[in-house]
Amino acid sequence: MERKGITIGGIIVFDYIKIVDTYPKVGRLANILNIEYSVGGAVPNTLIDLAKMDKSLSLQAIGVVGNDKLGEYVLKVLKENNINTEMVFQQNEVGTSFTDDMIVESTGERTFFHYRGANSLLDITHFDFDRINSKILHVGYPLLLEKLDSSDPDYGTVLAKTLATAQQKGIKTSLDLVSENSDRFSKIIPPSLKYTDYCTINEIEASLTTNIPIRDTEDKLIVDNIEPICFKLKEIGVKQWVIVHSPEGAFALDETNNFYIQPSFDLPKGYIKGTVGAGDAFCAGVLYSINKGWDISKALKVGTATATACLSKSGTTNGVKNIEIMMKLYREMNVKS
Ligand SMILES: Nc1ncnc2c1ncn2[C@@H]1O[C@H](COP(=O)(O)OP(=O)(O)O)[C@@H](O)[C@H]1O
Ligand SMILES: [Mg+2]
């Protein structure tokens, strides 16, 4: 069997975006002025970005949703983007995960209320390797996936075992994390990194996983620590590429430990309309490149272009366009000096 395309497993969320007139004190009332909704989470965001980059790509989702209206909506949107959903399981006992994203109209300040719901049921048994024909399996985000984060006697965590199984089947594995505020990174993530070929994460997650500081008290990048962080991630076990992205730029090690820096673009004032989904868009650019067999320096360019395109529109996937437009954006933008 010739493997092709990309499978993404993990978090699936339904996002309610609610504009409110004020953020109320406990026990008080605020008015909801407008409601929009969209799909969110690593699985829909990254897959839809990839579908937009190239609609001929073979794409597959793995996750768990509820047997409810939100779950139906997520499935419909994935199918509309030609994403294979045969491994998105609808379960009766819990609802589809959702987030109430409350945005105060006058200030743009956001507050999130998140329901974990069906995502907490995703387990190794949902990864049916007999039906995964793709070249790459990307997973996002451990730390939010209770069953996959739980411990396994042989591999450390259930996710580590899942990734190891994928590798044994000849599938390349890829990982993205979530910047939760916790000290769980260095316990839960390293077992999975041992079975990860490509690790594409932001600077905060890289720092929390390696226990090496990345920003000083004034929030400036500690430049001297970036290369050691990338090497530490390799030492922990990443096989091929380590990519650490940040608003300032992306930093990376390739398969033979050459170090790369890809500065961000110098964006005109007012360019950024929203940052949600930009990390997923970066991953989509990298996954696209891996699937094409491109080298890391091109992957960093494509990732930077897709993340930047995402910033140009509100919403998680609205800014990403087909690969020719993404490469044109790269050529036309100036990098930060
Ligand atoms: N102001 C900015 N300038 C340039 N790039 C940015 C900016 N803000 C975000 N990005 C890009 O988007 C990425 C966001 O990724 P991440 O923090 O993982 O967000 P997400 O929550 O979407 O996963 C950054 O690492 C960077 O690549
Ligand atoms: Mg991210």
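Student: Which residues line the second largest pocket?
Tutor: In this predicted model, the lining of the second largest pocket is made up of Lys-220, Leu-221, Val-223, Ile-226, Glu-227, Glu-248, Phe-251, Phe-259 and Ile-261.

Student: Switching to the ligand, which residues are around ligand 1?
Tutor: The residues around ligand 1 are Asn-202, His-245, Ser-246, Pro-247, Ser-264, Ile-272, Gly-277, Ala-278, Gly-279, Phe-282 and Leu-311. Sorted by type, this shell has five nonpolar residues, six polar ones and no charged ones.

Student: Which helix gives the most to that shell?
Tutor: That is helix 8, covering residues 278–292, which gives three residues to the shell around ligand 1.

Student: What lies 2.6 Å from an oxygen atom of the ligand?
Tutor: A polar side-chain atom of His-245 lies at that distance from an oxygen atom of ligand 1. There are backbone contacts to look at as well: a polar backbone atom of Ala-278 is 3.3 Å from an oxygen atom of ligand 1, and for a polar backbone atom of Gly-277 the distance to an oxygen atom of the ligand is 3.5 Å.

Student: How much of ligand 1 does the protein bury?
Tutor: Taken alone, ligand 1 exposes 580 Å², and the protein buries 75% of that area.

Student: New topic, the backbone: where is the cis peptide bond?
Tutor: The cis peptide bond joins Gly-140 and Tyr-141, with an omega of about -10°. Tyr-141 sits in the loop that runs between strand 8 (136–140) and helix 3 (146–149).

Student: Which residue has a positive phi although it is not a glycine?
Tutor: Asn-82 does, with a phi of about 60°, and Asn-82 is placed in the loop between helix 2 (69–80) and strand 5 (84–91).

Student: Last one, what does the UniProt annotation cover?
Tutor: The unreviewed UniProt entry carries the annotation "domain: Carbohydrate kinase PfkB" for residues 12–320. Over that stretch the chain is 33% helix and 26% strand, and its end C-alpha atoms lie 19 Å apart.

Key:
Residues are numbered from 1 along each chain as its sequence is written. Chains are lettered from A and ligands numbered from 1 in the order in which they are written. This is a predicted model: local features need pLDDT of at least 70, side-chain atom pairs count only at pLDDT 80 or more; totals for chains, interfaces and linings use all residues. Side-chain values use heavy atoms; hydrogens and water are left out. UniProt positions are given in the numbering used here, feature names are shortened, and annotations may be inferred rather than shown by experiment. Helices (H or I, at least four residues) and strands (E, at least two) are DSSP runs, numbered from the N terminus. A residue is near a molecule or strand if one of its heavy atoms lies within 4 Å of it. A polar contact is a pair of N or O atoms within 3.5 Å; within protein, one must be able to donate a hydrogen and the other to accept it, and residues adjacent in sequence count only if both atoms are side-chain atoms. Accessible areas come from the Shrake-Rupley method with a 1.4 Å probe; for residues, only the protein chains shown count as cover. Ala, Val, Leu, Ile, Met, Phe, Trp, Tyr, Cys and Pro count as nonpolar, Asp, Glu, Lys and Arg as charged, and the others, Gly among them, as polar. On a 1 Å grid over the protein atoms alone, a cavity is a set of points where a 1.4 Å probe fits but cannot get out, and a pocket is an open set with protein on both sides within 12 Å along at least five of seven lines; lining residues have an atom within 4 Å of a point.
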